[in-house]
Amino acid sequence: MKKCRMCPRDCQADRTQKKGLCLVGEKAIVSEISPHFGEEACLQGIHGSGTIFFSGCNMKCVFCQNADISHTGNGVEMTPQEIADMMIRLQEERCHNINFVTPEHVVPQVVEAIVLASEKGLNIPIVYNTSAYDCLASLQLMEGLVDIYMPDFKVWNSDSAYRLLRARDYPEVARKAIMEMHRQVGFLRFSYDGLAKTGVLLRHLVMPNKHEEGADIMRWIAQSISTDTYVHIMEQYSPGGNVGKLDQGRDGIRVRYQEINRGTSQEELLYVKNEAKAAGLWRFEEIA
């Protein structure tokens, strides 16, 4: 933490003294802890997924729908012991798993919390819910501790990554990260009652005018991971963050990020789904 290289940003901030690029210092900042019913059916089940939402982020997505959390660092600082206590509380509330949301920049704190919670009797699956902008060293720290990796592979092209995520290397980093996740936990497997127990659940949010990139992602999954990969092709994109805001320039007023300033069309969604099937993928959370 004194020279932070915990994520691909490699900001090397002394997080014992100041905040890193992620807006977080030595302690993790938590914005919400609760049973969550907005996840995949195989995660939320009847009693919910026990989500721990971390504030701050190593991504700078211009369309972020949680910008008030991810881009501000709002929340409560918590020690690993305090996080572990909350994990036990979620288990006592009968949540089916512990779901760490946006943990990429607080991996050491998460590792310590998992160990402490295990010593207290935690025995439900650990979900690592990530943008996939993870460095391999961090993921290797998680080996044997995480049961379910849930990466969201956002865009395929580096130009899109630079413009929309502020991370030109995102596609390359995400590919390597997802391959490491699969190496650790393999294909998604379920219990007798349909709940996910271990493996990779890969998400992709289809965005307006980015359906070709979505298709490229599906082909890569089929060719480089496996056609047996469990995939959730998501359709709930809506403009957020800085998308649609107005700028005054020399040529008049312009709309920022106009190309993604609308919802995803059914045609774009179906294109990605059809290309996924054509590539040989068949295990879907939902598909038309």
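**Buried elements and enclosed spaces in a predicted model**

Q: Is Gln109 buried or exposed?
A: This structure is a predicted model. A residue counts as buried when its relative accessible area is under 20%. For Gln109 the relative accessible area is 5%, so Gln109 is buried.

Q: In which helix is the place of Gln109?
A: The buried residue Gln109 belongs to a helix that covers residues 107–119. That helix is α4.

Q: How far apart in space are Gln109 and Ile221, C-alpha to C-alpha?
A: Ile221 is one of the buried residues of α8. In sequence, Gln109 and Ile221 are 112 residues apart. In space, their C-alpha atoms are separated by 30 Å.

Q: What length does helix α8 reach from its first C-alpha to its last?
A: Helix α8 covers residues 211–225, which is 15 residues. At 1.5 Å a residue, the expected span is 21 Å. The model comes close to this, with a reach of 20 Å.

Q: Against which elements do the buried residues of α8 pack?
A: The buried residues of α8 include Glu213, Ile217, Trp220 and Ile225. The buried residues of this helix pack against both helices and strands, namely α6, α7, β8, β9 and α9.

Q: Why is β5 largely enclosed by the rest of the structure?
A: Ile126, Tyr128 and Thr130 point one way from β5, while Val127 and Asn129 point the other way. The residues on both sides are buried. Strand β5 is therefore largely enclosed, as the buried residues number 5 of the 5.

Q: Which residue of β5 is the bridge partner of Asn99?
A: Strand β4, residues 98–101, runs parallel to β5 and is joined to it by 4 bridges. In β5, the residue that partners Asn99 is Val127.

Q: How many residues of the lining of the largest cavity are charged?
A: The structure holds 1 cavity of 30 Å³ or more, and the space in the largest cavity is about 70 Å³. Among the residues that line this cavity are Cys4, Arg9, Asp10, Arg15 and His105. The lining divides into 6 nonpolar and 2 polar residues, and the charged residues number 3.

Q: Which residues of the lining are the closest to the centre of the largest pocket?
A: The largest pocket holds about 930 Å³ of space. Of the 32 residues that line this pocket, the closest to its centre are Asn66, Val101, Asp152, Lys154 and Arg203.

Q: Which elements each supply at least two residues of the lining of the largest pocket?
A: The lining of this pocket divides into 13 nonpolar, 12 polar and 7 charged residues. The elements that each supply at least two of the lining residues are β2, α2, β5, β8 and β9.

Key: Residues numbered from 1 in each chain as written. Predicted model: local features only at pLDDT ≥ 70, side-chain atom pairs only at ≥ 80, totals over all residues. Heavy atoms only, no water. Expected span 1.5 Å × (residues − 1). Buried < 20%, exposed > 50% of the residue type's maximum accessible area, 1.4 Å probe, protein only. Contact = heavy atoms within 4.5 Å. 1 Å grid on protein atoms, 1.4 Å probe; cavity = no way out; pocket = protein on both sides within 12 Å on 5 of 7 lines; lining within 4 Å. Points joined across faces, edges and corners; volume = space filled by probe spheres on them. Nonpolar A, V, L, I, M, F, W, Y, C, P; charged D, E, K, R; others polar. Pairing = 2+ DSSP bridges.
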